[in-house]
Amino acid sequence: MDALHEFCLRMGDNTLVLGHRVSEWCGHSPVLEEDIALANTALDLIGQTQMWLGLAAEIEGQGRTADDLAFLRDAWDFRNLLLVELPNGDFGQTMMRQFLFDTWHHAMLTALAGSSDDRVVAIAAKAVKEASYHLERSAGTVIGLGDGTAESHARMQAALDLLYPYYGEMFAADATDTALAAAGIAPLPESLRASCDVRLRQVTEEATLTLPASSFAHSGGKTGARHTENLGHILTQMQWLQRAYPGATW
Amino acid sequence: MTTQSRKPEWPLWEVFIRGQHGLNHRHVGSLHAPDAEAAIRHARDVYTRRNEGVSIWVVEARHIAASSPSDKGPLFEPSESKVYRHPTFYDIPDEAGPM
């Protein structure tokens, strides 16, 4: 089914691109404990990528693997949200991005437990445990830094102002989403919005942060229509080895 | 300038993990964290990556009262000569099984 294939690419590209972004912190984090935590998160996300892109490759049925999809597609074939391809910024910005993503990701994976497709249920069941921990950690960090010093508060508010316009894309539906919902495979994206908004309000309030008034939302990532310029830069780094040494293994 | 400005550091926490088959929490190491919740999250990320634990305790290191190394003699040496405190003078009946 074409819609399910597209859905697996969207889920897998989200975790692939965010996993790569988070892995960029490895060895550069502000403290050792956060360095290990970020690396763990990146590895969780890459592990989930193997499952989603593995299923996408299986549905595609052309003999490609999850690795082929990750390392041999170009930017216009990627279906990740714009949010996850944005640069890391400072540690606070990285954790704000993580929190916004985790809020949606956890809600989505929880809903997928009721999917009509057993393969989707199996992937979601494994991933949701990781996502629950990611959310607990990113929400805790957003609260700690938001309600921290004047410096950390200002940085977290700036991060929220910068990233909030990328929050809405997670709840925007297109024909693929409608087809998936009709087949009982995945929930309509907007059906997740109310519970995500509640969490977002709770956490930002506890973090003494102010949600931007404008609900303007960038779009174009999950449909592949219009990625930001950042995605191409990620791919040149992430894919260079397979591009320079095609078929290299170790 | 002889004085150096030091950044405030997060407090030190001692971490205790109860393993898959262990009954007791064992001290596994320490880490820095701003508060207890973050310390538990850090402990999870630093010390249970390889499936080591089923339960975590953290305690801020400053709350641990420790014996002084210089008191080692008075504290511990008197017990060296008191072998009768070891229960090695009993015959354990076979029926009792391993003790």
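In the predicted model, the residues A:Glu33, A:Ile36, A:Ala37 and A:Asn40 of helix H2 of chain A meet B:His42, B:Asp45 and B:Val46 of helix H1 of chain B. Sorted by class, this contact of H2(A) with H1(B) is made up of 3 nonpolar, 2 polar and 2 charged residues. Two packed helices are described by the angle between their axes and by the distance between those axes. For H2(A) and H1(B), the latter spanning residues 36-47 of chain B, the axes come within 9 Å and cross at roughly 65°. Because angles of 65 to 115 degrees count as roughly perpendicular, H2(A) and H1(B) are described as roughly perpendicular to each other, and their crossing is left-handed.

The contact between the two chains as a whole draws on 8 residues from chain A and 11 residues from chain B. On the side of chain A that touches chain B, helix H2 (32-60) and helix H6 (118-146) each supply at least two residues, and the largest share, 4 residues, comes from H2(A). The residues on this side of chain A divide into 3 nonpolar, 3 polar and 2 charged.

Chain B also contains a pair of strands, in which S1 (residues 12-19) and S2 (residues 25-32) run antiparallel and are joined by 7 bridges.

Conventions: Residues are numbered from 1 along each chain as its sequence is written. Chains are lettered from A and ligands numbered from 1 in the order in which they are written. This is a predicted model: local features need pLDDT of at least 70, side-chain atom pairs count only at pLDDT 80 or more; totals for chains, interfaces and linings use all residues. Two residues are in contact if their C-beta atoms, placed from the backbone, lie within 7 Å. Ala, Val, Leu, Ile, Met, Phe, Trp, Tyr, Cys and Pro count as nonpolar, Asp, Glu, Lys and Arg as charged, and the others, Gly among them, as polar. Two strands pair if DSSP finds at least two bridges between them. Axes are lines fitted to C-alpha atoms, for helices over the stretch in contact, and angles run from 0 to 180 degrees between N-to-C directions. Angles under 35 degrees count as roughly parallel, over 145 as roughly antiparallel, 65 to 115 as roughly perpendicular and the rest as oblique. A crossing is left-handed if the near helix is turned anticlockwise from the far one by less than a right angle, and right-handed if clockwise.
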